[in-house]
Amino acid sequence: PGDGCSATCTVEAGWNCPSTGGACTPQCGDGRKLGNEQCDDGNTNNNDGCSSTCTTEAGWTCTGATGAKTACTGTCGDGKKVGNEQCDDGNSSPGDGCSATCTVEAGWNCPSTGGACTPQCGD
């Protein structure tokens, strides 16, 4: 149990097992984090935090219990603007245009790709 093959030798939910015998592999994209999957968000789309091969993508943090769907969020402060982040300047210091929660601070412009923010002229 827990490896794709039950105690009664039937295929467990969320696994693919070869008909000729051998190790079972988790079904990536089914919304169940199993085996060696780092994440499984229920799809095989890239650029949403969990890749098409069920590995965590750069700039993201994914959480979820074994057997459950994974939730991925942008890693604020790493310099990569992803997901719902409005900005990411590579730190968690407020007062430089991008807050510690990766939202744009009043009076600043921040690049759409991440990086340092600049003050708005004339504010």
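1. A disulfide is here a pair of cysteine sulfur atoms within 2.5 Å.

2. The model is predicted, so local features need pLDDT of at least 70 and side-chain atom pairs count only at pLDDT 80 or more, while totals for chains, interfaces and linings use all residues. Residues are numbered from 1 along each chain as its sequence is written, and side-chain values use heavy atoms, with hydrogens and water left out.

3. Cysteine 17 and cysteine 24 form a disulfide with their sulfur atoms 2.0 Å apart. The S-S torsion of cysteine 17 and cysteine 24 is about 110 degrees, so this disulfide is right-handed. For exposure, buried means under 20% relative accessible area, exposed means over 50%, and partly exposed is in between (1.4 Å probe, protein chains only). Cysteine 17 is partly exposed at 27% relative accessible area, whereas cysteine 24 counts as buried at 16%.

4. In the disulfide of cysteine 39 and cysteine 50, the sulfur atoms are 2.2 Å apart. The torsion about the S-S bond of cysteine 39 and cysteine 50 is about 95 degrees, so the disulfide is right-handed. The pair links distant parts of the chain, 11 residues apart, with cysteine 39 and cysteine 50 each in the loop between strand 2 (25-26) and strand 3 (60-63). Strands (E, at least two residues) and helices (H or I, at least four) are DSSP runs numbered from the N terminus. Cysteine 39 is buried, with a relative accessible area of 0%; cysteine 50 is likewise buried, at 0%.

5. Cysteine 87 is joined to cysteine 98 by a disulfide, S to S 2.2 Å. About the S-S bond of cysteine 87 and cysteine 98 the torsion is about 95 degrees, so this disulfide is right-handed. Cysteine 87 and cysteine 98 each lie in the loop between strand 4 (71-74) and strand 5 (108-109), so the pair ties together parts that are 11 residues apart in sequence. Both cysteine 87 and cysteine 98 are buried.

6. Cysteine 9 is in no disulfide, and the nearest cysteine sulfur, that of cysteine 5, is 4.5 Å away. With 64% relative accessibility, cysteine 9 counts as exposed.

7. Cysteine 121 is also in no disulfide; its nearest cysteine sulfur belongs to cysteine 110, 16 Å away. The relative accessible area of cysteine 121 is 84%, and the residue is exposed.
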